[in-house]
Amino acid sequence: MQNTKLSPFLKWAGGKRWLVNKHEELFKVDYKKYYEPFLGSGAVFFFIEPNEAILSDINSELVITYNAIKENWELVYHFLLEHHKKHDKKYYYKQRLKRYRNKFKKAARFIYLNRTCWNALYRVNTKGLFNVPIGTKKRVVYEKDDFKEISEKLNKAKIICADFENIIDRANKNDFLFVDPPYITKNTKNGFIKYNDKIFTWEDELRLFNSLKRASKRGVKILFTNTYHRSITMLYKNDFIITKVARSSILASDPKHRKITYEIVIRSNYDVQR
């Protein structure tokens, strides 16, 4: 498997570009269909380039954006160029409040805010309104952008807005399931994580665990990432293969303050070829 030059067009907190770059061996899997229920920036999808895929996320604006590029990338790019020309602080905050009916304009706005907000963070308030402040990036479009090829890759996928359990339960024997949920731990002050306009709770983590156990018993090939925490390892240790991996945290705005953190990768029904 060769590393593709195609990069995700979005940046996403918790995205897995670092994982595909540092641990290519995890993705050397023979499979029928690819499933990803927490899509985010789609780093793994763009890396492995499956011929058939089901992609999903509970973030409806994210799903609209992917489908708009899939359907007509040129129109999305046209509106994105308009944002590029007009970008400044005043324009950013105006667009943050803006609501479009046209799905291609919605997609361009979503990409614009993602590329110009603070640290590419997606966060909404209690009313469901995007409320991340402006970041330091000045550019909205880049020379490396290849929305045409992105569209071609997405045309091999069905992209839907759905709960993760719905998608996991569709996967069958010898399908490949990549799962990268919001990170949650039990009995901590951060007892939940705000994920889009929903709450991902420890009960959701248990529901995810049970859905993955069912998938594993069906013979689905599973790769699952999560935070390195005792509550997570204790939950999965008897039913899955767990490996600890190191990465640099990207949430600090100053790279000098980004420390090494640890995550775990959890596998089932396939071996890693090094």
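User: Leaving aside neighbours within four places in sequence, which residues is serine 56 in contact with?

Analyst: Serine 56 is in contact with Glu36, Pro37, Phe38, Leu39, Ile160, Cys161, Ala162 and Ile167, once its neighbours within four places in sequence are left aside. Contact here means heavy atoms within 4.5 Å. Before we go on: this is a predicted model, where local features need pLDDT of at least 70 and side-chain atom pairs count only at pLDDT 80 or more, while totals for chains, interfaces and linings use all residues. Residues are numbered from 1 along each chain as its sequence is written, and side-chain values use heavy atoms, with hydrogens and water left out.

User: Why does serine 56 count as buried?

Analyst: Its relative accessibility is 0%, and buried means under 20% relative accessible area (exposed is over 50%, partly exposed is in between; 1.4 Å probe, protein chains only). So serine 56 counts as buried. It's placed in strand E2, residues 53-57; strands (E, at least two residues) and helices (H or I, at least four) are DSSP runs, numbered from the N terminus.

User: What does the side chain of serine 56 reach?

Analyst: The backbone oxygen of isoleucine 160, at 3.1 Å.

User: What makes isoleucine 266 count as buried?

Analyst: Again a relative accessibility of 0%. Isoleucine 266 is in strand E9 (residues 260-268). Not counting residues up to four places away in sequence, it touches Ile222, Leu223, Phe224, Tyr236, Phe240, Ile241 and Ile242. Take phenylalanine 240: it's 26 residues from isoleucine 266 in sequence, with 6.2 Å from C-alpha to C-alpha.

User: On to the rings. Why is the pair of tryptophan 12 and tyrosine 122 called what it's called?

Analyst: Rings of Phe, Tyr and Trp (its six-membered ring) pair if their centres lie within 6.5 Å; planes under 30 degrees apart count as stacked, over 60 as edge-to-face and the rest as tilted. The centres of tryptophan 12 and tyrosine 122 are 5.8 Å apart and the planes are at 20 degrees, so this pair is stacked. The pair links distant parts of the chain, 110 residues apart: tryptophan 12 is in the segment before helix H1 (17-22), tyrosine 122 in the loop between helix H5 (103-116) and helix H6 (147-154). Tryptophan 12 is buried at 13% relative accessibility, and tyrosine 122 is buried at 17%.

User: And what kind of aromatic pair do phenylalanine 38 and phenylalanine 200 form?

Analyst: Edge-to-face: the centres are 6.2 Å apart and the planes make 80 degrees. Phenylalanine 38 sits in the loop between strand E1 (34-36) and helix H2 (43-48), phenylalanine 200 in strand E6 (residues 198-200), so the pair ties together parts that are 162 residues apart in sequence. Both residues are buried.

User: How many aromatic pairs does the structure hold?

Analyst: There are 24. Ring pairs also link Phe9, Tyr66, Tyr77 and Phe147 into a cluster.

User: How do you know where the charged end of arginine 267 sits?

Analyst: The charged end of arginine 267 is over the ring of tyrosine 270, 5.8 Å from its centre. The rule wants NZ of Lys or CZ of Arg within 6 Å of the ring centre and within 35 degrees of the ring normal. Lysine 244 lies over the face of tyrosine 262, at 4.3 Å from the ring centre.

User: What makes glutamate 82 and lysine 85 meet the salt bridge label?

Analyst: Their N to O distance is 3.7 Å, and a salt bridge is a side-chain nitrogen of Lys or Arg within 4 Å of a carboxyl oxygen of Asp or Glu. They're three residues apart in helix H3 (residues 60-86), about one helical turn. Glutamate 82 is partly exposed at 28%, whereas lysine 85 is exposed at 63%.

User: How far apart are the closest N and O atoms of lysine 153 and glutamate 149?

Analyst: 4.0 Å, and they form a salt bridge. Both lie in helix H6, four residues apart. Lysine 153 is buried at 17%, while glutamate 149 is partly exposed at 27%. The count comes to 16 salt bridges, and Asp163, Glu165, Asp169, Asp204, Arg207 and Arg214 are linked in a network of them.

Key: Polar contact = N/O pair within 3.5 Å; in protein donor to acceptor, adjacent residues only side chain to side chain.
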